[in-house]
Amino acid sequence: MSEKPVKGSRRVFMTGNEVCAWAALAAEADIMYGYPITPQTDIMQYWTRLAPKYGRKFLQTEDEISAGFTTVGGVIAGKRAFSATTGPGNTLFQEPMSMAEMMRIPTVVIIPQRGGPSTATVIYSQQEVTMTTFGGNGEGFRIVYSTAGHQDLYDYTIKAFNTAWKYRFPTFVLGDGYQAKMREPLTIYDPAERGIEMVKTEPLVGLPGTPGVDRPVQYLRNTYNTEEELYDVVMSIAKDYEKAAPEIMEWQDFDTDGEMDVLILAHGVVSRAAQGALPLLKDAGIHAGHFRPITLRPMPEEQMRQAAAKAKRILVVESAYGQFLKLVKEALYGMDKPIDTLLRPGAGVTAEEIVHRIQEGR
Amino acid sequence: MTREKVALAPHMPKCWNPDTKPHKFCPGCGHGLALKMLGEAIDELGIQDKVVFGCDIGCSLLAWDFFNVDSVQTHHGRTTPVITGIKRARPEIIGIAYMGDGGGYAIGAQHLVNSATRNEKVTAILINNTNYGMTGGQMAPTTLPGQKTETTPYGRDPKETGYPTLGPEMVAAIAREGAYVARGSISNLRQLKKYLKKAIQNQMDGNGFSFVEVLSSCPTNWRTNAEATWSFVEKDMAEYFHVGEFKVPGLKEEK
Amino acid sequence: MAIRIVLAGEGGQGVQIIANMLAESAYAEGKEAVYIPNFGVEQRGGVSIAYVQIDDKSIGSPKFPKADIVVALSNRAVDRTRQYVDERTTFIYDTSLISAAEIAEEAMGIQAIEADPRSQRTTELTDSTKKKDQVKLPENAANTIGIPANDIAKNELHPRVFNIIILGTLLKATAVVPLERIKEAIEDKLGAKFEKNPALRELNYKALDKGMSLVERLV
């Protein structure tokens, strides 16, 4: 084993894409498969510069369909394989990711969201929430971490590999173009020194011995003949997912003690604006709290409901036209809370805008 | 066992999975013959423990539990990238991607082209039976001019739908030194096995991409009897799709 | 104390590099810093904008509605950055207010250091923007300062160090990091080149000084 890419821990100032490449290295990722698309490409560029020094591999594929399926192949072979994509590339990724969902293949994909629909912008959005949580012809048996900044990108990229391999669901690190391209400080570290042990990988094919002679043959299926057969398979995946969900869910709340005038619900980088809005609102005599789900799949619904129960109103803020809102409505179903929105598809949200929206609504 | 019974017992390649035999292909289908030659090739190369067999969707999928080798069902057209991903991650594995003409030349054409261009060290085997069999006999990239299918009920009109894809010719044109490209036929099994063996050996030698198209039969969708079926494979198809080796590593001039 | 800076110019004027240097130096000083480049498709031949935030405490969203300091280095940059100006903003512009077509190839200067290569591109667009006498500076700024950085670079120093003059100006205006720290940053990026050509170091430091002499501390 070659030397560790990150030793001890140190403070750095870099772009989010570079952070992801370092995190994947630190997480002992073996191979990256990918296809260039802005603003994801720098992850590949950093990876291709760093990986050979540590004996890791890379394949640039012909498109994102291939990037997804080769990643699936890499994981089937027993390697910690990952990819990164965004926007229209993420659309193409939904096909291989539905295969990963069905076959319990622990792929890791980093998604710095760009604007949509279509080619849209190469800049930023939160418009890939629906696709990343529930894309493909599947049931959303995926794990989606929505990061808010560089420390998150580092922490959750490492964690994504472990969650994926422990629970065997395709796992996504859902960032955005802002996080991809901006530079800010963070601490990178050797996971082992933080007591983080990388979950061991194991091959699904090419096991020791001769199949059918001294060991069972590995037949990996995603196709079934009867409704009953399929139903049983999907229900068993669903059961595993439900069981794992409480262990996987993560969230943060800010100033949600006591009765709130308004609870701001936001995820990802928009959560930073929400956090920034709280003191401004306080100065204006408004008691606001903020709840941020870190996992969008599984969604910490119970925790969100508890926070919502203490607020007079809800404000959902996102850089999309209601994709997160849909998840919120599902989580808060049956609660009698008025929901206001600040929906800015493909555009950033600032603390000031949130404050303005709340004051305007009063 | 009496002598008669021994004689009646079908000869099966050692690497076949006997529990899934008789296989699920239609009577007269060429897949069984191609897979038999592939099985013998695997046996003769002694690589049952090293092969990972990927199946495309379509009739190729029916081969998913055909062998006692680790096998992966993929998606339609996506077998080449799945096997490529496995091979890149674990070069010691011998990756075989098994697909039909639709999977290789239509929906997965970009993967075939680019794997060949990159000279991926995998072996792709493509069954050409001039139609989409599993979905009930629609036009495939390989459907012959004038051939009737469910989506060309008056016969394929090249003016409207182009001419049949010449896969090995295309792959040979884009693949570089180290690639092995051939077209065999179920009408010449000895030759077919030779091609399949060479295609796998070529991967084992680390030379480059290996590709074998197999001219095959589909009497169910062709609606042909035995005689007409063989005649279509041996005459009509062979006339358009030339059997032979198109690229052999080390040979300067390939036929 | 929080400082928000918007820095905009034509692709090729090197704004991204100095924005990054400023943010990185502030970070090296132990402050929180976020720098985000704009990276629209338009960057190829468009206005290049950098957003920098420096603070003692952690920083929220990477973009912001209004800036403490806006620096606009071209005609189009003035228009493009207008939205970030309010009554608390210091608006600094280059008095030559060049238009896109006037960016010389050699103005890439220190931009030759690694950074987003796209921000290093000089534009070949035919300029459809307004003539300099038509550009209206924002009227709502707290103060508006014109600096002849482009002329100084061209006439007194070298077009290559245009953006270093701007960096000096920003440094003086914000006092957000000590001069020494910026010099270290320049040394970091260009040390190897300086070894080969010590005159280059002197040129850059001179540009820094010049830039600093153009303004007073503002923040």
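This is a predicted model: local features need pLDDT of at least 70, side-chain atom pairs count only at pLDDT 80 or more; totals for chains, interfaces and linings use all residues.
The size of an interface is often given as the accessible area lost when the parts come together.

**View 1. The contact between chain A and chain B.** On the side of chain A, 39 residues are in contact with 34 residues of chain B. Of the 2 pairs of chains in contact, chains A and B share the most contacts. Chain B and chain C, in contrast, do not touch. The nearest C-alpha atoms of chains B and C are 27 Å apart.

View 2. Which elements of chain A give two or more residues to the side that touches chain B? They are strand E2 (31-34), strand E3 (57-60), helix H3 (64-76), helix H4 (88-103) and strand E9 (219-220). H3(A) supplies the largest share of this side, 7 residues. Sorted by class, the side of chain A that touches chain B has 18 nonpolar, 14 polar and 7 charged residues. The count of salt bridges between chain A and chain B is 3. One of them joins A:Arg215 to B:Asp70, and the closest N and O atoms of this pair are 2.8 Å apart.

**View 3. Strand pairing between chain A and chain B.** Strand E9 of chain A pairs with strand E2 (residues 70-73) of chain B. The two strands run in the parallel sense, and the pairing extends over 2 bridges. Within E2(B), B:Ser71 is the bridge partner of A:Tyr219.

View 4. Is B:Asn202 buried or exposed? B:Asn202 counts as buried because its relative accessible area is 4%, and the cut-off for buried is under 20%. Leaving aside residues up to four places away in sequence, B:Asn202 touches B:Gly178, B:Ala179, B:Tyr180, B:Asn207, B:Gly208, B:Phe209, B:Ser210 and B:Pro249. B:Ala175 is 27 residues from B:Asn202 along the chain. The C-alpha atoms of B:Ala175 and B:Asn202 are separated by 14 Å.

Note on methods
Residues are numbered from 1 along each chain as its sequence is written. Chains are lettered from A and ligands numbered from 1 in the order in which they are written. Side-chain values use heavy atoms; hydrogens and water are left out. Contact means heavy atoms within 4.5 Å. A salt bridge is a side-chain nitrogen of Lys or Arg within 4 Å of a carboxyl oxygen of Asp or Glu. Helices (H or I, at least four residues) and strands (E, at least two) are DSSP runs, numbered from the N terminus. Ala, Val, Leu, Ile, Met, Phe, Trp, Tyr, Cys and Pro count as nonpolar, Asp, Glu, Lys and Arg as charged, and the others, Gly among them, as polar. Two strands pair if DSSP finds at least two bridges between them. Buried means under 20% relative accessible area, exposed over 50%, partly exposed in between (1.4 Å probe, protein chains only).
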